[in-house]
Amino acid sequence: MKKTLSWWDLIWFGIGAVIGAGIFVLTGQEARDSAGPAVILSYVVSGVSAMLSVFCYTEFAVEIPVAGGSFAYLRVELGDFMAFIAAGNILLEYVIGGAAVARSWTSYFATLLNHHPNDFRIHAASLNPDYSRLDPIAVAVIAIVCLAAVSSTKATSRFNYVASIVHLAIIVFIIIAGLTQANPKNLSDFTPFGVRGVFSASAVLFFAYVGFDAVSTMAEETKNPAKDIPLGLVGAMAITTGCYCLLALTLCLMQPYSQIDPDAPFSVAFQAIGMDWAKYIVAFGALKGMTTVLLVSAVGQARYLTHIARTHMVPPWLAEVHATTGTPVNATVVMLVATAVIAFFTSLGILSNLLSISTLFIFMMVAVALLVRRYYVSGQTNDSDRNKLIAALVLILASSMATAAYWAAGGMGWAGYLVSVLVWLLATAFLWWGVPQARAPQTWGVPLVPWLPSASIAINTFLLGSIDGPSFVRFGIWTALLLVYYFFGLHASYDTAKAASNDGV
C-alpha cells in the first residue's frame with residue numbers, strides 16, 4: 001500500500017479512532033449504575049491498561065511494519081493457531097465496536113432532534129428484548145462510512161484531521177461550559193458502589209479506548225515507522241486519557257450520578273442545568289466523534305482482514321487492493337456489511353461487554369507475544385532458557401487468572417490476593433533476573449521489560465474478571481465456532497499454500 005502517513009496523521013487517526021461512543025454514551029450508563037462519581041477512577045484504570053498495551057503494540061508495529069496489526073505480531077511469535085484465534089477475535093472486536101458506535105450515533109441524532117433514541121428505531125416485539133430495537137439509521141451511517149473508507153487513505157486522513165480538531169474544540173467547550181455549572185456536592189458520595197463498582201465500570205469502559213490498535217494496522221502506509229508509530233500511538237493515547245477523565249469529572253459535577261441519563265448523558269445534563277442551547281453543540285460533537293470513529297475503524301478493520309487473507313486463512317480475494325484507490329475495497333465492504341447486520345439488531349449493553357472481553361483478550365495475548373519475542377529466538381535460545389521462559393509465562397498467566405477468578409467470585413479476604421500477586425511478582429522477577437533476553441529491538445523498544453508487559457497481562461486479565469457471565473458465554477460460543485472452523489480444515493495457512501504452489505499443485 002502507498003506510504004503516505006506521518007506521525008501527525010497517526011495522532012489524529014488515533015484520536016479519531018478512539019474518542020466516540022465510549023465517552024459520550026457509556027460514561028452515563030456506568031456512572032449511574034456501577035461506579036457513581038468514581039467513574040473518573042474507572043477511566044484512569046482503563047487508561048493505564050490501554051497505555052501498557054500501547055507500548056507493546058508500538059514495539060511490534062515498529063519492528064513488523066505491516067497491515068496485519070496484532071494478527072501479524074501473534075503469527076510471527078506464537079504461530080498460526082494462536083494467530084488464528086486472535087484473528088477471529090480481532091474481527092469480532094471490530095464488527096461489534098462498529099455496531100455499538102453506529103447505534104450510539106442514532107441515540108445522539110435523536111437527541112439532536114429532541115426525540116428519545118428509540119423513537120428512530122423499529123420495535124420488533126416478537127424478538128428477544130436485547131435484539132428487538134431495529135436500527136435502520138445505524139445501517140445507513142455504516143453504508144456512508146464504507147463509501148468514504150474505500151476512496152483514499154490519505155483523503156480519509158485529511159478529513160479525520162479536520163474533524164478531530166473540531167471534535168477536540170467541542171470537548172473543550174463541554175468541559176469549560178459544564179464546569180461553570182459545577183456543584184462539588186455531587187461528588188460527596190464518591191464511591192457509592194465501592195471498589196468493586198470502580199473495576200466493574202472500568203472493564204466496560206475499556207470500550208472507550210478501543211480503536212488505537214487500528215493505528216498500528218497502518219504501519220505499512222507510514223513513511224517512517226520507527227519514529228511515526230511511537231509518537232502517533234503514545235501521543236494519541238495520552239491526549240485521549242486526559243480528555244476522558246476531564247469529561248467524566250465534568251459530567252459528575254453537573255448532575256448527581258443517580259440522575260445521569262444513560263443514553264445521551266452530556267446532552268441531557270446540559271438540558272437539566274438550563275443550558276438547552278448547549279445540548280445541540282454537545283450532540284453535534286458526539287455525532288462527529290462517532291462518525292470519525294466509524295471511519296477510522298473501517299480503515300483499520302479492512303487492513304486486518306487484508307493481512308489475514310494474505311495468509312489464506314480467509315479467501316485470498318479479500319486481500320485484493322484496488323488499483324486506482326490503493327485501498328482494500330473487498331475487505332472494507334465485507335467487514336462493514338457484517339457490522340451493519342449486527343448494528344441493526346443488537347443492543348449497546350450486549351455489544352459493549354462482549355467487545356471488552358474480546359479486546360482485553362487480544363491485548364493480553366500481544367503482551368505475552370512481546371515477552372516471547374524478547375526472550376526466545378528459534379535456533380539461538382538454548383533449551384534451559386526456553387524452559388525457564390515457559391515456566392515464568394505459565395506462572396504469570398496463572399497468577400493473573402487466579403487474581404481475576406478470586407475477584408469474580410466475590411473474594412474479599414486479602415490473603416488470596418496476597419498469594420496470587422506474590423506469585424506474579426516472583427515469576428516476573430525470575431524472568432528479569434534468571435532469563436537472558438535473546439533479542440533487542442532495532443529502533444524502538446518497550447521500556448522496563450519484562451515488568452511492563454507482565455503488568456499488561458495482569459491488569460487486562462484482572463479486568464476480564466469484572467465482566468458479567470453471559471458475555472463470557474457469548475464469547476465462548478464464538479471461540480468454539482472458530483475452533484470448529486480451524487480443526488475441520490476450512491482454512492489453509494500461507495505456508496501450506498506456498499508449499500503447494502512450489503510443488504506445482
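Helices (H or I, at least four residues) and strands (E, at least two) are DSSP runs, numbered from the N terminus. The model is predicted, so that local features need pLDDT of at least 70 and side-chain atom pairs count only at pLDDT 80 or more, while totals for chains, interfaces and linings use all residues. Residues are numbered from 1 along each chain as its sequence is written, and side-chain values use heavy atoms, with hydrogens and water left out.

Helix α5 spans residues 80-112 and includes Thr 106. This threonine is buried, at a relative accessible area of 0%; buried means under 20%, exposed over 50%, and partly exposed in between (1.4 Å probe, protein chains only). Apart from neighbours within four places in sequence, Thr 106 is in contact with Pro 117, Phe 120, Arg 121, Asp 135, Ile 137 and Ala 138, where contact means heavy atoms within 4.5 Å.

Leu 5, in the segment before α1 (7-18), is likewise buried, with 0% relative accessibility.

Some backbone features concern the loops. Most residues other than glycine have a negative phi, and most peptide bonds are trans. Asn 114, in the loop between α5 and β1 (122-123), has a positive phi near 60 degrees and is partly exposed at 49% relative accessibility. In the loop between α16 and α17, Leu 448 has a positive phi near 55 degrees and is exposed, at 64%. Pro 450 belongs to the loop between α16 (414-434) and α17 (451-464), and a cis peptide bond with omega of about 10 degrees joins Val 449 to Pro 450.
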